[in-house]
Amino acid sequence: MSAALTAISSAGPAPLRFPHRHLLGIEGLSAGEITFLLDLADSYVQQNREADKKSTILRGRTIINLFFENSTRTRTSFELAGKRLGGDVINMSVSTSSIKKGETLIDTAMTLNAMHPDVLVVRHPDSGAVALLSQKVNCSVINGGDGSHEHPTQALLDALTIRRRRGKLDGLLVAICGDILHSRVARSNIQLMQIMGARVRLIAPPTLLPACAERLGAEVFHDMRKGLAGCDIVMMLRLQTERMQGSFVPSIREYFRFFGLDYEKLSVAKPDALIMHPGPMNRGVEIDSEVADDIDRSVIREQVEMGVAVRMAVLDALTRDRGQRNAPPGK
Amino acid sequence: MATRLDAGGANGHARVAYVNARLIDPASGLDAAGGVLTEGETIADLGPGLFRSGVPPGVERVDCKGMCLAPGIVDMRVQLREPGEEHKETIATGGAAAVAGGVTSMVCLPNTEPVIDDVAVVEFIARRAREVKRAKVYAYAAATRGLKGRDITEMGLLTEAGAVGFTDGVRAIADAGVMRRALSYATTFGALIVQHPEEPALAGGAMNEGEVATRLGLGGIPPAAEAIIVGRDLRLVELTGGRYHVAHVSTAETVELVRRAKARGLAVTCDTAPPYFALNEIAVGDYRSFAKLSPPLRGEEDRQAVVAGLVDGTIDAIASDHAPQDQDSKRLPFVQAEFGGIGLETLLALSLELYHNRKLGLIDVMRRLTDAPARILGLKAGRLMKGAAADLVLFDPDRPWVVEERAIRSKSKNTPFERRPVQGMALRTVIDGRTVFQA
């Protein structure tokens with residue numbers, strides 16, 4: 001295989017700028033574009049560890065965090081990312097009250113658009129809602145999680161965490177375990193990991209797997225001991241409380257027994273396999289507390305740190321070369 | 001048995017000669033050059049040799065220029081939204097859409113507000129249709145009171161009032177016991193039970209279950225949700241001897257179940273709608289809510305099976321399944337958007353795709369749009385016959401056009417076929433001898 005071909009099939013050359021207006025999902029991104037974002041994020045990891053964490057890249061820019069669903073972690077992470085880059089960040093939690101007043105998603109989008117934000121970070125409980133909103137606004141839109149569809153910044157921060165630990169993504173064997181059916185994190189990661197040359201396994205009971213899961217390019221397992229064998233990375237997913245009591249799995253104790261990550265099940269993975277979780281964790285449901293807190297294996301807290309850096313990189317990438325339109329006149 | 005709900009407009013005994021036509025009458029197998037003479041509201045004469053010696057004096061002459069003259073389309077499944085949701089469609093706007101699509105008779109579902117589960121509502125629809133004077137409007141009455149799936153309606157009285165069949169509209173009659181009772185009781189009046197075949201417990205999703213739904217993170221409705229109800233109902237038909245019709249068949253398995261039931265001689269019929277033979281789940285694309293239909297658009301194998309069912313006659317009829325939804329119901333995240341697409345104005349052209357794609361002969365396409373649904377419903381319609389109502393459509397089977405929102409007459413614009421190039425257009429629509437539409 002020629003060197004050029006190798007370069008394309010693996011990480012690929014990183015472009016000089018990010019060519020998309022929005023970040024709605026991992027689907028449609030190239031290996032080069034992902035690498036570009038990860039490289040940029042790497043530089044922000046360093047900035048975030050300095051005493052002075054602030055830069056001025058987003059000075060004068062307005063970022064609105066528009067959250068139609070409760071979130072503390074993702075919203076805080078985006079807020080911090082925007083502020084560290086010197087932008088003005090506003091948080092809007094659209095609770096059900098506005099919906100009760102009859103305001104539709106599109107009304108909300110139009111209203112906010114009239115305020116000339118530069119970036120909208122949107123989380124919404126319905127798949128596709130963020131893409132719909134992006135069609136109605138002039139600014140960049142970042143998908144902060146839409147229904148069971150995508151959560152691209154989570155996949156990027158997972159990739160960054162892995163890359164910093166392992167030096168690469170190419171060739172790794174990644175297991176994604178748990179509630180794949182409802183997980184936007186899983187959908188984004190399945191795509192990102194494969195674009196970057198990793199192999200993906202999905203491990204879950206059939207009731208927590210979507211139809212045709214194998215058509216996503218991943219190998220499907222219903223047995224943790226088989227699925228985890230030889231894995232480099234073990235990604236656990238959160239199981240929502242309301243799905244634990246008979247609707248999708250019969251009970252917490254049964255779920256933990258067969259699908260919860262403990263040392264015994266982990267023993268079949270590679271000895272240095274990394275343990276990841278997008279948070280917030282249900283200790284004793286999908287993950288054993290000891291495993292979660294194992295400083296040699298668990299990178300769960302590192303994921304949170306990488307989250308801020310990745311979101312800074314995305315904000316930076318989407319606003320570069322797009323400033324003139326919204327810049328104050330005469331400046 | 002069915003009573004037409006609107007009396008139509010009397011126009012005395014005016015006589016019109018349709019000359020130079022290609023006559024297509026699926027009921028008699030006629031496909032030949034010829035003419036039709038209408039007198040007042042009825043067909044006075046027709047045939048290849050008619051007007052050979054010229055049009056008699058005092059008769060209006062319409063030159064068909066070699067275009068197809070067929071019985072007007074009988075659309076056995078539409079939602080007109082009146083009464084109750086007149087912001088989406090009315091009998092007037094739906095009627096205008098119908099005649100522009102060559103539809104001369106249509107049957108509306110009972111899912112209005114109030115529900116058509118009472119003689120008074122059937123009579124209201126009839127009166128409105130008389131006032132509007134567009135396509136003839138017939139009504140299905142609810143199979144269960146309030147469409148609640150529990151207590152059967154006054155099927156005898158409703159049949160007398162003009163209801164042509166009983167259905168719970170866009171809801172399945174889900175309870176097996178209720179379905180059994182409905183089928184059984186309906187035999188007293190020879191009434192037809194029309195099922196929306198979808199097991200509700202499996203139909204919580206927003207689109208067809210499969211790879212596309214998985215990628216989009218949308219809940220799926222498995223094809224089995226349809227087959228489960230049809231399979232169950234066929235057993236109940238055997239048990240009760242009821243007359244049963246499956247609406248909008250969308251899966252390979254349903255086609256096969258109906259095929260086998262017909263082979264066993266059961267009194268079973270079914271229809272499908274253009275989306276199920278002209279589109280598949282790919283049309284959902286990037287969350288296009290106009291492609292959110294009930295039943296959902298299926299996979300390509302199912303679509304091909306529906307075409308095969310139309311070809312071998314397992315699927316008797318094609319209906320528009322016209323389901324108008326306004327902007328507010330569709331400009332929403334896919335999960336929240338309402339189900340349904342309009343179809344009255346595209347029914348003819350999309351059905352003719354089967355002819356242009358060499359799946360069905362022209363006369364066979366027209367049979368599924370005219371004579372077949374009329375027979376299922378017991379309507380005196382869908383035939384070119386001396387003494388029959390002069391309900392006609394003159395159409396060009398080849399004329400190309402593009403489905404465009406701005407040209408839609410329906411009050412709601414939610415077509416899943418936006419920007420699709422099609423062939424075949426109604427040029428003139430005649431109801432009871434009166435021209436109600438001209439392209």
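**Figure 1. Packing of helices H2 and H7 in chain A of the predicted model.** Helix H2 of chain A, residues 31-49, packs against helix H7 of chain A, residues 152-166, at an angle of about 75°, and the two axes are 10 Å apart. H2(A) and H7(A) are therefore roughly perpendicular to each other, since angles of 65 to 115 degrees fall in that class. On the side of H2(A), the contact is formed by Ile34(A), Thr35(A), Leu37(A), Leu38(A), Asp39(A), Ala41(A), Asp42(A), Val45(A) and Arg49(A). H7(A) contributes Leu156(A), Ala159(A), Leu160(A), Arg163(A) and Arg164(A). Eight residues of the contact of H2(A) with H7(A) are nonpolar, one is polar and five are charged.

**Figure 2. Crossing of helices H3 and H13 in chain A.** Helix H3 (residues 73-84) and helix H13 (residues 300-319), both of chain A, have axes 8 Å apart and pack at an angle of about 55°. The two helices, H3(A) and H13(A), are therefore oblique to each other, and H3(A) passes H13(A) in a right-handed crossing. From H3(A), the residues Arg73(A), Thr74(A), Ser77(A), Phe78(A), Leu80(A), Ala81(A), Gly82(A) and Arg84(A) take part. They meet Val304(A), Gly307(A), Val308(A), Arg311(A), Met312(A) and Leu315(A) of H13(A). Sorted by class, the contact of H3(A) with H13(A) comprises seven nonpolar, four polar and three charged residues.

**Figure 3. The four-stranded open sheet of chain A, with helix H5.** Four strands of chain A form an open sheet in the order E2-E1-E3-E4, with parallel pairing. Strand E2 (88-93) and strand E4 (140-146) of chain A each have a single partner strand, so one side of each is left without a neighbour in the sheet. On average, and with direction ignored, neighbouring strands of this sheet are turned by 15° against each other. Strand E3 of chain A, residues 119-124, runs parallel to E4(A) and is joined to it by five bridges. The bridge partner of His124(A) in E4(A) is Asp146(A). Helix H5 of chain A, residues 105-113, packs on the sheet and touches strand E1 (62-67), E2 and E3 of chain A. The direction of H5 makes about 165° with that of E1(A).

**Figure 4. The five-stranded open sheet of chain A.** The strand order of this open sheet in chain A is E7-E6-E5-E8-E9, and the pairing is parallel. Strand E7 (219-221) and strand E9 (274-276) of chain A are the edge strands, each pairing on one side only. From one strand to the next, the twist averages 20°. Strand E5 (residues 173-177) and strand E6 (residues 199-203) of chain A run parallel and are joined by five bridges. Within this pair, Leu173(A) stands opposite Arg199(A) of E6(A).

**Figure 5. Crossing of helices H4 and H6 in chain B.** The axes of helix H4 (residues 176-186) and helix H6 (residues 224-240) of chain B come within 9 Å and cross at roughly 40°. H4(B) and H6(B) are therefore oblique to each other, and H4(B) passes H6(B) in a right-handed crossing. H4(B) makes the contact through Ala176(B), Met179(B), Arg180(B), Leu183(B) and Ser184(B). The residues from H6(B) are Arg232(B), Asp233(B), Leu236(B), Val237(B), Leu239(B) and Thr240(B). Six residues of the contact of H4(B) with H6(B) are nonpolar, two are polar and three are charged.

**Figure 6. The interface between chain A and chain B.** Chain A brings 19 residues to the contact and chain B brings 15 residues. About 1500 Å² is buried between chain A and chain B, and carbon and sulfur atoms give 57% of this area. Of the area that chain A buries against chain B, 27% is supplied by Asp126(A), Ser127(A) and Ala211(A), more than by any other three residues.

Figure 7. In chain A, Gly279(A) and Pro280(A) are joined by a cis peptide bond with omega about -15°. In chain B, a cis peptide bond with omega about 0° joins Glu113(B) and Pro114(B). Lys65(B), a residue other than glycine, has a positive phi near 50°. The loop that holds Lys65(B) lies between strand E4 (60-63) and strand E5 (68-71) of chain B.

Note on methods
Residues are numbered from 1 along each chain as its sequence is written. Chains are lettered from A and ligands numbered from 1 in the order in which they are written. This is a predicted model: local features need pLDDT of at least 70, side-chain atom pairs count only at pLDDT 80 or more; totals for chains, interfaces and linings use all residues. Side-chain values use heavy atoms; hydrogens and water are left out. Axes are lines fitted to C-alpha atoms, for helices over the stretch in contact, and angles run from 0 to 180 degrees between N-to-C directions. Angles under 35 degrees count as roughly parallel, over 145 as roughly antiparallel, 65 to 115 as roughly perpendicular and the rest as oblique. A crossing is left-handed if the near helix is turned anticlockwise from the far one by less than a right angle, and right-handed if clockwise. Contact means heavy atoms within 4.5 Å. Ala, Val, Leu, Ile, Met, Phe, Trp, Tyr, Cys and Pro count as nonpolar, Asp, Glu, Lys and Arg as charged, and the others, Gly among them, as polar. Two strands pair if DSSP finds at least two bridges between them. Buried area is the accessible area (1.4 Å probe) that two parts lose on being put together, summed over both.
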